[in-house]
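Please open the structure in a viewer and keep the selection panel at hand.

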Amino acid sequence: AAPLKWLGAFDDDDRLIGALAWVEDVDEVDIHRLVVDPAAHRRGVGGELVRVVLSRAGSRSTTVSTGRANLPARTLYQRLGFERVKDIQVEPGLWVTRLVRTP
């Protein structure tokens with residue numbers, strides 16, 4: 001029910017090339033969305049957005065869920081210190097991996 005906070009990444013022409021949305025409370029930050037323009041994939045945009053939010057999280061844990069089959073996203077989060085907590089089947093055939101990073 002909490003409103004999402006948004007962070008954007010822009011190129012040199014002030015064009016939006018990535019965005020990250022999250023919610024937070026006193027104990028935890030929960031990343032809800034990470035999107036990057038396909039033309040900007042593999043250029044560090046997503047990683048930089050996540051690093052900014054991790055910096056804002058400070059001593060709070062940060063969680064994220066992503067598709068279990070989304071290897072690029074899982075690799076990114078694990079490279080940034082997230083650990084897999086569990087896989088959840090949200091509907092038949094659709095699996096989500098939950099990851100957490102504790103400072």
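Predicted model: local features only at pLDDT ≥ 70, side-chain atom pairs only at ≥ 80, totals over all residues.

Residues are numbered from 1 along each chain as its sequence is written, and side-chain values use heavy atoms, with hydrogens and water left out.

**First stop: the core**

Select Leu 20, Ile 31, Val 50, Tyr 77 and Phe 82, which have the most contacts inside the largest nonpolar core, a set of 21 residues. Such a core consists of buried Ala, Val, Leu, Ile, Met, Phe, Trp, Tyr and Cys residues joined through side-chain atoms within 4.5 Å; buried means under 20% relative accessible area, with a 1.4 Å probe and protein chains only. Strands E1 (5-10), E2 (16-24) and E3, with helices H1 and H2, each supply at least two residues of this core. H1 gives the largest share, six residues. Helices (H or I, at least four residues) and strands (E, at least two) are DSSP runs numbered from the N terminus.

Leaving aside residues up to four places away in sequence, Leu 20 touches, among others, Trp 6, Ile 31, Leu 49 and Val 53; contact means heavy atoms within 4.5 Å.

**Second stop: the pocket**

Select Leu 34, Gly 46, Pro 72, Ala 73 and Leu 76, which lie nearest the centre of the largest pocket among its 26 lining residues. E3 (28-36), H1 (45-57), strand E4 (61-67) and H2 (71-79) are the elements that give two or more residues to this lining. The largest share, seven residues, comes from H2. A pocket is an open set of points on a 1 Å grid over the protein atoms alone, where a 1.4 Å probe fits, with protein on both sides within 12 Å along at least five of seven lines; lining residues have an atom within 4 Å of a point.

Select Asp 30 in strand E3. Is Asp 30 buried or exposed? Asp 30 is buried, with a relative accessible area of 16%. Its contacts beyond four places in sequence include Trp 22, Thr 63, Val 64 and Arg 98.

**Last stop: paired strands**

Select strand E6 (residues 94-101), which pairs with E4 in the antiparallel sense over six bridges; strands pair if DSSP finds at least two bridges between them. Val 64 stands opposite Leu 99 in E6. Finish at Gly 93, in the turn of the E5–E6 hairpin, with a positive phi of about 85 degrees.

Conventions:
Buried < 20%, exposed > 50% of the residue type's maximum accessible area, 1.4 Å probe, protein only.
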